[in-house]
Amino acid sequence: MFRYEFIKNALYAILIITPLFGIIGTVIVNNKMAFFSDALGHSALTGIAIGALLGVTNPTISMVCFGIIFALLLNKIKDIKVTSRDTIISVFSSTALALGLVILSKNGNFSKFSNYLIGDILSIVPSEIIALLVIAIFVIVFWFLFFNKMFAISLNSSLAKSKNISVKLVENLFVVLVALIVMMSIRWVGILIINSLLILPAAASRNIARNIKEYHFYSILIALFSGIVGLIVSYMQGIATGPTIVLIASLIFFVTYFIRKKIGD
Amino acid sequence: MKRVWIICVMAVLTLLLGGCTINQPAEADDHLNIVTSFYPIYIATSNIIDGAENVSLQCLASPDVGCLHDYQLTVKDMITLETADIFVINGGGAESFLDKAVSAYPDLIVINASDEILEEFIHREEEEGLLEEHSHEDEENSHIWVSVSLYIEEVKNISKKLIEYNPENADLYASNTEAYISRLESLGNEMHQGLTSISKRNIVTFHEAFDYFAEEYDLNIVAVVEREPGTSPSASELAEIIDLVRANDVSAIFTEPQYSKSAAITIANETGVPVYELDPVVTGAFEKDAYEKAMRNNLDVLLEALGE
């Protein structure tokens, strides 16, 4: 199957995207942000819709801009004490989703955009892989600069404050980073399943990891493994690639879940 | 108390805004309101009724929708149909929402432009042994307007039925139709002459829109990119298409302006076969000569792609 150029391109993209998702996912799971990243994924639809309204052919730019604004907004309002945090996120998530659907289905032809729902990694071209690579380097640099601070915040944010860490700034930087990764890869992964790919590897890894190093390592490994196996299985079975990757990852989650239970007994 | 007021004001505003769009002025009884389902049928009908008085023409799907695969009726569409006297459709399954619309408005006169054309076409194919028997039974291909000669038949069908239902304008419709058909016939001749000389005939098209077109001009469609328009091919389908393209010496891959080109570009990158764009005349401006313009443009593209 690897005699085809498009399979090779998809493989390169998976080799870049999945480790990124694995590493970012660890922070999302630790900080209980799964619902936040889900809302962010859904907001991509509004980003696409704004792009369609402006008449641009490639909506990536409008998606990234909208995603960053949306992420910062969510991060700001989550501390408001009026209603609970998950309610607020849900309100924003539904609004963004509905707004996107309303605009895109205005003329009764939503089917044109259905590719964005389940992703289309087989159509990625080399220049887009390079764009992903740039994002990846960005993330790695951010990771080395801010990891200790983020870890301190996820353990105890008031303790982190007392150590002179600017909690708000680090959090904002992190959500912008997540927005960037989500929006840059949503065309390949799909709105419906992008959050699963962020959460599942880290959640599975958390089941079996004994320390923070193992947690990161297993998460990246599980993400990579699901990506590669998912691509091969989807090719052999003639099914959509993105959902297959997610299925493999959830299978691993259940396996690790029972391993943990066994160890626990 | 303040909140109650705000809610009341909002409720009244909603009613007023809603009322504006629904309450269209009552039309005089002798006025005929014709609605067409989508773009090519609109272009055909507008040529037939050109200059008729007391006749208005509307198009249900806006002209940027394209083929009506998976089209969903909006509230506005239902209102348009409510005020319509005659609904002109392509038929043959192109309007998948049709059953819903027809059952909602049982008095609406429906003109099926493909009436008898599809049946005859399939019958002829079967007699010539070109088709597997009954292979089209469950899902027929409705894109007959893309073939110029079958489009002419559709124009004749629509005109015949319009004359039947609106005899006051019979003379006008007949002379308009005659003029339009002679224009279309010269277009058809032009295309036949242009395309007899080409040497390469193996092509890949985007979806099954060009089957009748290819039949008319003796082109050989080796594969289609998307079997289900709007759904990208899976990895194994892509691999299959790529192998077919390589094995059959395909000269061009044709995308359609209404759909994403990404899968076609993937195939092109793999095989080195160039990508061109053919228009199945489902989107564009509401101009009387839109069909001829689009087809002449297609002819130029084909000559560039398949000529020497």
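Trainee: At what angle do α2(A) and helix α3 of chain A pack?
Mentor: Helices (H or I, at least four residues) and strands (E, at least two) are DSSP runs, numbered from the N terminus. Axes are lines fitted to C-alpha atoms, for helices over the stretch in contact, and angles run from 0 to 180 degrees between N-to-C directions. With that in hand, α2(A) and α3(A) (residues 60-77) have their axes 8 Å apart, and they pack at an angle of about 140°.

Trainee: Before we go on, what kind of model is this?
Mentor: Residues are numbered from 1 along each chain as its sequence is written, chains are lettered from A and ligands numbered from 1 in the order in which they are written, and side-chain values use heavy atoms, with hydrogens and water left out. Local features need pLDDT of at least 70, side-chain atom pairs count only at pLDDT 80 or more, and totals for chains, interfaces and linings use all residues, as this is a predicted model.

Trainee: Okay, how are α2(A) and α3(A) oriented to each other?
Mentor: Angles under 35 degrees count as roughly parallel, over 145 as roughly antiparallel, 65 to 115 as roughly perpendicular and the rest as oblique. The angle here is about 140°. Therefore α2(A) and α3(A) are oblique.

Trainee: How many residues in the contact of α2(A) with α3(A) are charged?
Mentor: Contact means heavy atoms within 4.5 Å, and residues including A:Phe36 and A:Leu40 of α2(A) and A:Phe66 and A:Phe70 of α3(A) make this one. Ala, Val, Leu, Ile, Met, Phe, Trp, Tyr, Cys and Pro count as nonpolar, Asp, Glu, Lys and Arg as charged, and the others, Gly among them, as polar. There are 11 nonpolar and six polar residues, so by that definition the number of charged ones is none.

Trainee: Which hand does the crossing of α2(A) and α9(A) have?
Mentor: The axes of α2(A) (residues 34-54) and α9(A) (residues 194-208) come within 8 Å and cross at roughly 155°. That makes the pair roughly antiparallel. A crossing is left-handed if the near helix is turned anticlockwise from the far one by less than a right angle, and right-handed if clockwise. This crossing is right-handed.

Trainee: Over in chain B, what is the strand order of the open sheet that includes β1?
Mentor: Two strands pair if DSSP finds at least two bridges between them. Strand β1(B) (residues 32-36) and β2(B) pair in the parallel sense over five bridges, with B:Val35 opposite B:Gln58. This sheet of four strands has parallel pairing and the order β2-β1-β3-β4.

Trainee: Which helix of chain B packs on that sheet, touching β1, β3 and β4?
Mentor: Residues 148-165 make up this helix. Its direction makes about 155° with that of β4(B), and the helix is α6(B).

Trainee: How are α7(B) and α11(B) oriented to each other?
Mentor: Their axes come within 10 Å and cross at roughly 0°. Therefore α7(B) and α11(B) are roughly parallel.

Trainee: What distance separates the centres of domain 1 and domain 2 of chain B?
Mentor: Domain bounds come from an automatic or database domain assignment, which divides chain B into domain 1 (32-186) and domain 2 (192-306). Taken over C-alpha atoms, the centres are separated by 24 Å.
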